[in-house]
Amino acid sequence: MEQAPDDWTDTERGLWEAFRHGEVYDLRVGEGPAEFVLPAPAGQAVRPDGEGLGPDDPFTAAEWGPERTVRAEVIARLLLHGPEAAPGKVAALKLTGARITGEFTLAGGRIGCYVEFQLCRFERKLLLSEAAAGTLRIVSCALPRLEASRLATEGDVHLARCGIPRGVRLTDARVGTDLLLNQSSIGPDAYGRAVSADGITVNQDCEAERLDVLGETSLRSARIGGRLALRGGTLRAVTGNPYALNAAKITVGHTLYLSASEDSTWAGSRTVYGAGYGEPTGIARSDSSQTPFRSWGRIRLSDGRFENACLITGAEIHLGEDEELALSRIQTPELRFTCDTPPTGPVRLARARIGNLVDAPTAWPTEHHVSLTGFTYESLRPTVPFPLERRIAWVDSGQEFRPEAYEQLAAALRRDGADEDARTVLYAKQRRRRRTLPLPGRLWGHLQDAAVGYGYRPGRAATWLVLAWVLGTAYFAEHRPAPVKPDETVLWNPALYAAGKVLPLIDLGQNGWNPDRPGQWVATALVLTGWVLATTAVAGVTRLLQRG
């Protein structure tokens, strides 16, 4: 039987035997089952102020002696060229509570066994670039940095509750099942990136609930087969890199969650999944406290594809100057945007294509722009009453006048049977358009607005005509004109005479009167008023019929 090398320590020889038997090699000082602990804050290697959770807390500055030390080259030997398993056993590396020293290099290697590190402290970065493996579990461990670009695994990759102050690189990695980052704290590299996972492929779920990140989380062109959950996470950009989340062209096979996390699912949880694993509600219960998703910096989801839904709920999105929430050109059957507090910067939805838009009036910023250029959606499903004036202000909040935003809103309202609301939206579109016209166009627009409300208020024409007729009747009742032919007797009726002027195409038998000079001006004013109102009324009613 192959033996451990002679230059290995007794501790390392014990790991050799545990590997052959597939057993957990526990180097902790404390007794009882291993308890997962939460890491130090993002960007820090140890807990502040020397705080600790006992002698087995890997996130403290306390020294771990040689009895708990294993060299990285020993682990590499076991994983790449390890001994055969003991009869009836399956070889596996299961190491708990160890201090791992030296350069940990497995780049390009093929790891054929199950690997699990718990409550371990790595003194140097872990290099797994272009390696191939089955399942890798690194849980509640402290490691300076993880380099795993183009890593390929057949099973899970777990990095839950880990403290990684100098970042994680998973660029173009391929994860056979799930990627788990729950409750980890990750800091930035030299370029301000904490999680570099551009082009990563995860065949099932990517769970990153309550993730604490200082630096950019980059998932450009990533492909997630199941859901991507960032519930209750905290993402913060750093100086020199404005992005908190950069996930342009991402594809998510199920749902993206930028939402709150229920505290009840994590309080006292002994697992890295939380008690609520497998229950993707995305909405915290009203009777439960929750931790919102929080971000400081740009969020970019442009060109993303979310096959089931994109949920931005229970989120606090803090945007600084020249920062925005970019949802341009996303495609999803449902966008849920129901934050209790709106983003503190612009929201861009240009050319996005949505099925159901589920939102709330409090979710949209009122002091910043909402870009809706080319934004299309099938139906509006607000979670609370959304007043029409607030909805019109929503489409009117862009930097420039975009008529298609009004047309899209009106079309959605018509599909829901709200024809009157749709006409109100189109009326608001004409009034908004008027502000972009030159002076003659604005004057004509004011006239159409006052007369018939651009055709969406046709009752106004009748009101103005009646008012003109009443004023004309009152004037001519006091200033009776002389007959055109004194020898002919015409029955005088001031009401019919004024009506004949206001409605010039109708002969009411009052044409035999010749008003004086002031009366001629009044009669001319009545005729012009009648023609203008008739013209604008016909144009407006025609537009109304066409829109209907």
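In this predicted model, strand β35, made up of residues 309-313, pairs with β38 in the parallel sense over 4 bridges, and within that pairing Cys310 stands opposite Leu335 in β38. Strand β38 also pairs with strand β40, residues 353-359, again in the parallel sense and over 6 bridges, with Gln331 standing opposite Arg353 in β40. Strand β38 itself spans residues 331-338 and is mostly covered, since 6 of its 8 residues are buried.

Aromatic rings come next, and a search of the whole structure finds 10 aromatic pairs. One of them joins Trp364 and Trp394 in a tilted arrangement, with 5.4 Å from centre to centre and 45 degrees between the planes. Trp364 lies in the loop between β40 and β41, whereas Trp394 belongs to helix α3 (residues 388-395), so the pair ties together parts that are 30 residues apart in sequence. Both of these tryptophans, Trp364 and Trp394, are buried. Phe375 and Tyr377 form another tilted pair, at 5.0 Å centre to centre and 50 degrees between the planes, and both residues are buried. Ring pairs link Phe337, Trp364, Phe375, Tyr377 and Trp394 into a cluster.

Charged groups also meet rings: the charged end of Arg391 sits over the ring of Trp394, 5.0 Å from its centre, and that of Arg298 sits over the ring of Tyr243, 5.6 Å from its centre.

Turning to the cysteines, the structure holds 0 disulfides. Cys141 is accordingly in no disulfide, and the nearest cysteine sulfur, that of Cys120, is 4.6 Å away. Cys141 is buried, with a relative accessible area of 0%, and Cys113 counts as buried too, at 11% relative accessibility.

Terms used:
Residues are numbered from 1 along each chain as its sequence is written. This is a predicted model: local features need pLDDT of at least 70, side-chain atom pairs count only at pLDDT 80 or more; totals for chains, interfaces and linings use all residues. Side-chain values use heavy atoms; hydrogens and water are left out. A disulfide is a pair of cysteine sulfur atoms within 2.5 Å. Buried means under 20% relative accessible area, exposed over 50%, partly exposed in between (1.4 Å probe, protein chains only). Helices (H or I, at least four residues) and strands (E, at least two) are DSSP runs, numbered from the N terminus. Two strands pair if DSSP finds at least two bridges between them. Rings of Phe, Tyr and Trp (its six-membered ring) pair if their centres lie within 6.5 Å; planes under 30 degrees apart count as stacked, over 60 as edge-to-face and the rest as tilted. A charge sits over a ring if NZ of Lys or CZ of Arg is within 6 Å of the ring centre and within 35 degrees of the ring normal.
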